[in-house]
Amino acid sequence: MNTFRLGGVHPEENKLSNQSAIEIFPLPKQAIVFISQHLGAPPVPVVNKGDKVKAGQLLAKAEAFICANTHSPYCGTITKIDVAVDISGYKRPAFYIDVDESDEWEEGIDRSKTLVSEITLDKNQIIERIKDRGIVGLGGAAFPTHIKYMLPEGKKADCLIINAVECEPYLTSDYRVMIEQAEEACVGIEIMKKALGVAIAKVGIEDNKPEAIKKMKEVASKYKGIEIVSLKTKYPQGAEKQLIYALTKREVPSGKLPVEVGCVVNNIGTAVAIYNAVQKNHPLIDNILTITGKSFPKPRNLQVRVGTMLKEVIEYCGGLPQDSGKIISGGTMMGKAISVIEAPTVKTTSSILIMSEKEATRKHETNCLRCGKCAGACPMGLEPVSLFNLAKTQQWEEAEKQYAMDCIECGCCLFTCPAGKPLLDMIRVAKSNVGAIRSARVIK
Amino acid sequence: MTLLTVSSSPHVQSRQTTQSVMWNVVIALLPAFAVGIYYFGMDALLLTLTTVAACVLFEWLIQRFILKGEMTITDGSAVITGILLAFNLPSNLPLWIAIIGALVAIGVGKMSFGGLGKNPFNPALVGRVFLFLSFPTFVAMSQWVSPKPLFEITDAITGPTPLSLIKQHQALPDIMNMFIGSKGGSFGEVSALAIIIGGLYLIYKKVISWHIPVAFLGSAAIFTAILWQIDPAIYVNPLYHLLAGGMMLGAVFMATDMVTSPITHKGQIIFGCGCGLLTILFRCFGTMPEGVSFAILIMNALVPLINKASKPKPFGHKTIKNK
């Protein structure tokens with residue numbers, strides 16, 4: 001069984017919504033679309049207050065290198081361009097749109113369900129199209145996708161890796177995409193292979209999703225060089241370096257990118273987004289979102305346009321249960337706790353996970369038992385407890401020597417600690433201090 | 001209006017807590033406890049109740065009046081220390097001596113370092129070794145109460161333990177009896193079978209891993225097998241060594257104490273082998289018949305060094321040399 005080399009944990013899977021087919025969420029009346037929804041420089045707005053826009057129309061144009069376009073998810077009027085609050089409570093510039101029910105789309109966008117499997121564009125045209133349609137990595141980091149396909153000088157990739165692991169508990173959006181859009185995903189993978197000039201794509205799926213593996217194998221058999229690999233169900237199987245190791249047995253050197261070992265990694269959701277962009281000229285303006293939780297009345301998967309308020313989505317699905325204690329965007333292991341639900345979705349919003357008060361309460365903290373479970377669980381082979389102690393005593397240089405910067409923040413250490421120590425919390429503090437020290441060195 | 005929690009990831013944690021770890025150890029000690037009571041009667045029960053009560057009381061007093069920290073007696077660790085201390089003592093020990101042992105175990109062995117998690121040495125062993133050195137006539141190592149079936153109305157008789165028989169080159173009890181528990185010794189360590197059952201439970205519950213017990217017993221077995229091959233007239237069959245004295249109890253319950261053993265599996269194997277080799281060295285070449293307690297305490301002292309030496313190699317640092 002293919003898996004990663006070190007550590008790992010197995011949290012309760014709780015894939016409550018995996019049998020619910022993707023439903024289309026109705027258009028909201030008003031929407032807020034952040035100008036920048038990716039990692040990198042913000043794009044520059046090309047529309048003004050009062051402008052009428054169509055769905056799919058360009059709202060802000062990427063001008064820097066690491067940057068992505070933002071398109072309008074709606075037909076309507078821009079009422080203002082002002083700051084809005086995101087899920088973490090930060091104020092960021094956004095377009096406020098009054099949504100018009102006519103839902104008129106920009107010309108040249110194919111909204112039909114017909115599968116277009118013939119790839120007519122060449123390598124550069126594909127990359128240009130990915131850039132133009134505002135595609136970002138949907139695994140969570142929101143890194144502009146086209147940059148991954150413009151390899152640095154002297155580097156060569158020989159393997160495309162598709163992350164369809166979905167090792168996070170509760171999340172089922174990638175699973176539903178594989179069940180319902182396997183054809184589109186495979187064409188997307190073919191396009192990515194062409195853009196990268198590689199012959200092989202490996203798709204990693206955890207073995208707790210046998211139906212998805214079956215469906216993907218069935219479809220992939222029609223194509224040459226798409227290999228579906230079943231992986232052991234173990235968290236963090238979907239972490240980039242761990243996934244590359246599980247699929248190719250190559251070890252990405254510390255501090256380097258996957259391309260160092262000839263790999264480029266993208267999420268399965270990104271493959272579908274690329275299919276839509278390249279074959280259908282469809283910009284990235286909606287996402288598949290899992291709304292779930294143990295006491296949530298009906299866990300399900302929705303297709304929601306970017307800019308919809310989370311609160312509206314929650315209310316549409318029956319509202320917050322009485323015992324809600326914490327709302328998370330993303331999975332339970334690496335997701336972000338939401339502090340404001342009057343905030344809009346963005347390109348990478350993959351879930352709204354509602355936890356009960358009981359689940360949201362952390363373990364009682366006791367003295368460290370020196371049991372070593374954190375070291376045993378760390379997929380990067382670090383000693384979290386040592387880093388924790390170094391962070392508490394503010395020994396940043398020593399923390400750097402003990403590889404603090406290699407931490408991928410997967411949370412296995414904090415998950416497994418019987419003494420309930422806030423291990424990862426303190427390691428994050430160490431990382432930000434080591435990072436500051438490192439950049440100070442560069443300036444000198 | 002209730003406020004929602006906002007905290008950084010991860011948002012779930014495993015079910016295992018300090019309490020669950022400790023109480024699972026208590027559960028795992030029960031089979032050996034039951035066998036001990038079967039063979040050594042009410043004395044054993046009374047001794048255990050005394051040491052457990054004394055350990056919990058001393059921890060409470062120290063926390064309450066000296067450390068003034070959060071009360072920790074419900075975490076179960078004082079109960080474990082109490083049980084393990086009793087297991088390492090002869091069942092006919094005067095109770096006042098047992099109470100002194102509990103004071104040393106908890107006071108010196110554990111609380112003086114700051115409580116659970118901070119002690120470098122296994123507290124129960126600290127208490128036991130203190131009693132052994134201070135009250136040698138009561139806690140002698142060669143003459144122990146012989147087992148007698150429960151509720152039989154005779155006075156306790158003392159007799160040699162298998163280890164002192166080994167030392168004096170006398171006939172040994174049957175291997176099967178030693179495995180099940182019908183042999184002289186301190187009362188918790190007589191039944192290898194019961195201890196192994198407890199150990200398997202702990203491995204199943206992920207409280208301990210197999211590394212320390214296997215390294216401990218394995219290295220001891222290999223070492224004694226070599227000696228046995230050299231001269232079977234002086235050195236006995238390795239099986240006797242594994243089953244005699246505190247070897248099983250030490251390997252499964254004392255050396256595996258997570259607080260006083262190394263962090264990584266690699267370190268745990270080094271630690272286990274050290275315990276096994278030292279035990280046999282003490283048994284075969286030392287003045288005393290038994291060496292488990294001292295072997296574990298010495299290895300406890302080496303844990304910080306072992307931790308330093310067995311630091312894991314991080315992922316992604318393999319290829320750096322090639323540059």
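Start with chain B as a whole: among its contacts between residues at least 6 apart in sequence, 73% join residues at least 24 apart, a contact meaning that two C-beta atoms, placed from the backbone, lie within 7 Å. This is a predicted model, in which local features need pLDDT of at least 70 and side-chain atom pairs count only at pLDDT 80 or more, while totals for chains, interfaces and linings use all residues. Residues are numbered from 1 along each chain as its sequence is written, and chains are lettered from A, with ligands numbered from 1, in the order in which they are written.

**Chain B, overall**

Keep chain B selected and switch to a cartoon view. Its secondary structure comes to 13 helices and 2 strands; helices (H or I, at least four residues) and strands (E, at least two) are DSSP runs, numbered from the N terminus. Of the 323 residues of chain B, 54% count as buried. Buried here means that 20 or more other C-beta atoms lie within 10 Å of the residue's own, with 12 or fewer for exposed and partly exposed in between; the C-beta atoms are placed from the backbone.

**Helices 1 and 2 of chain B**

Next, select residues 18-40 and 42-67 of chain B, which are helix 1 and helix 2. They pack at an angle of about 135°, with their axes 6 Å apart. Axes are lines fitted to C-alpha atoms, for helices over the stretch in contact, and angles run from 0 to 180 degrees between N-to-C directions. Helix 1 and helix 2 of chain B are therefore oblique to each other: angles under 35 degrees count as roughly parallel, over 145 as roughly antiparallel, 65 to 115 as roughly perpendicular and the rest as oblique.

Show side chains where the two helices meet. Helix 1 of chain B brings B:Phe33, B:Gly36, B:Ile37 and B:Phe40, and helix 2 of chain B brings B:Asp43, B:Ala44, B:Leu45 and B:Thr48. By class, this contact has 5 nonpolar, 2 polar and 1 charged residues. In this scheme Ala, Val, Leu, Ile, Met, Phe, Trp, Tyr, Cys and Pro are nonpolar, Asp, Glu, Lys and Arg are charged, and the others, Gly among them, are polar.

**Helices 9 and 11 of chain B**

Move on to residues 211-230 (helix 9) and 247-254 (helix 11) of chain B, whose axes come within 8 Å and cross at roughly 155°. That makes helix 9 of chain B roughly antiparallel to helix 11 of chain B. The contact joins B:Pro213, B:Phe216, B:Leu217 and B:Ala220 of helix 9 to B:Met247, B:Ala251 and B:Val252 of helix 11. By class there are 7 nonpolar, no polar and no charged residues in it.

Stay on helix 11 of chain B for a moment: 8 of its 8 residues are buried, B:Gly250 and B:Phe253 among them.

**Where the chains meet**

Now show both chains. Here 34 residues of chain B are in contact with 49 residues of chain A. The side of chain B that touches chain A has 13 nonpolar, 16 polar and 5 charged residues.

**The parallel sheet of chain A**

Turn to chain A and find an open sheet of 4 strands with parallel pairing, in the order 11-10-9-12; strands pair if DSSP finds at least two bridges between them. Strand 11 (226-231) and strand 12 (263-267) stand at the edges with a single partner strand each, so one side of each is left without a neighbour in the sheet. Neighbouring strands of this sheet are turned by 25° against each other on average, direction ignored.

Strand 10 (residues 200-206) of chain A pairs with strand 11 over 6 bridges; look for A:Gly204 and its bridge partner A:Val229. Helix 4 (residues 182-196) of chain A packs on the sheet, touching strands 9, 10, 11 and 12. Then select helix 7 (residues 268-280) of chain A, which lies across strands 9 and 12, running at about 85° to strand 12.

**Around strand 17 of chain A**

Finish at residues 351-356 of chain A: 5 of the 6 residues of strand 17 are buried, so it is largely enclosed by the rest of the structure. Strand 13 (residues 286-292) of chain A pairs with strand 17 in the parallel sense over 3 bridges, and A:Thr290 stands opposite A:Ser351. Strand 15 (residues 324-329) of chain A pairs with strand 17 in the antiparallel sense over 4 bridges.

In the hairpin of strands 15 and 16 of chain A, which has 6 residues between the strands, A:Gly330 takes a positive phi near 105°.
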